[in-house]
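Student: I would like to learn how to read a protein model feature by feature. Please take me through one.

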Amino acid sequence: MYQKGDYVVYGSDGTCLVSDVTMLDIPGCDSKREYYILHPVISKRSVIYSPVDNQKVKMRFVMNRDEAEKILSGIGDIPTMKVENEKFREEQYRAVIRNTDFRDWICMMKMLVSRRRIRASQGRKFTSLDEKYLREVGDIASCELSIAFGVDRGVVEEKLRELIG
């Protein structure tokens, strides 16, 4: 169980601070259930009320510094994501983000950066869909890394750009 003050990755909302674990007296919430009150780091004005026993949305602790260093040092060994069916490209992107697996986020970023290079070499624009998801996955990954390393997001965004391309 997560505690007040823990940083977690919560589904596609990314890194969140657990501000409380409590029963809620709010219309629409089961007053007999315990809830995590989560504050997304990226969207500071949002609040998420998630039942402690929620099985629908994946949630995990934010990586610690050692885990983050290990992933970044092995980034070259992480494969590039493949999209098997173009019709389901966006669905696959959303599934990767919701899954909360940092290595999968890196796979997706590598594929999107490669796709941008290929399209540019063909004189074609990067699609708005791909741009949207590259930005989204980059934001949630850099946010988690900034917490793990205790540095500003801009520092880890630059590091990710260096490592991924």
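**Reading the model**

Tutor: The protein has 5 helices and 5 strands, where helices (H or I, at least four residues) and strands (E, at least two) are DSSP runs, numbered from the N terminus. This is a predicted model, in which local features need pLDDT of at least 70 and side-chain atom pairs count only at pLDDT 80 or more, while totals for chains, interfaces and linings use all residues. Residues are numbered from 1 along each chain as its sequence is written, and side-chain values use heavy atoms, with hydrogens and water left out.

Student: In what order do the elements of the protein run from the N terminus on?

Tutor: The order is β-β-β-β-β-α-α-α-α-α. The C-alpha atoms fill a box of roughly 60 × 35 × 25 Å along the principal axes.

Student: How do I read burial, and what percentage of the residues in the protein is buried?

Tutor: Buried means under 20% relative accessible area, exposed over 50%, and partly exposed in between (1.4 Å probe, protein chains only). Of the 165 residues in the protein, 41% are buried. The accessible surface comes to about 9,700 Å², and 48% of that belongs to carbon and sulfur atoms; such areas come from the Shrake-Rupley method with a 1.4 Å probe, and for residues only the protein chains shown count as cover.

Student: And contacts?

Tutor: A contact means heavy atoms within 4.5 Å. Among contacts between residues at least 6 apart in sequence, 53% join residues at least 24 apart.

Student: How should I read a helix with a buried side?

Tutor: An α-helix has 3.6 residues a turn, so residues three or four places apart point the same way. Take helix H1 (residues 65–73), whose buried residues are Ala68, Ile71 and Leu72. These residues cover an arc of only 95° around the axis, which puts them on the same side of H1; the arc is that of the directions from the helix axis to the C-beta atoms. On the face turned away from that buried side, H1 carries the exposed residues Asp66, Lys70 and Ser73.

Student: Which helices do the buried residues of H1 pack against?

Tutor: They pack against H3, H4 and helix H5 (153–164).

Student: Which residues of helix H2 are buried?

Tutor: In H2 (residues 89–99), the buried residues are Arg89, Tyr93, Val96 and Ile97. Seen down the axis of H2, they fall within an arc of 95°, so they line one face of the helix. Their cover includes helix H3 (102–121) and helix H4 (128–149). After H2 comes Thr100, whose phi is positive, near 65°.

Student: How many disulfides does a search of the whole structure find?

Tutor: A disulfide is a pair of cysteine sulfur atoms within 2.5 Å. The search finds 0. Cys16 is in no disulfide, and the nearest cysteine sulfur, that of Cys143, is 8.5 Å away. Cys16 counts as buried at 0% relative accessibility, and Cys143 is buried with a relative accessible area of 0%.

Student: Where is Gln3, relative to strand S1?

Tutor: Gln3 is in the segment before strand S1 (7–10). With a relative accessible area of 46%, Gln3 is partly exposed. Not counting residues up to four places away in sequence, Gln3 touches Val18 and Val21. From Gln3 to Glu162 there are 159 residues in sequence and 35 Å in space, C-alpha to C-alpha.
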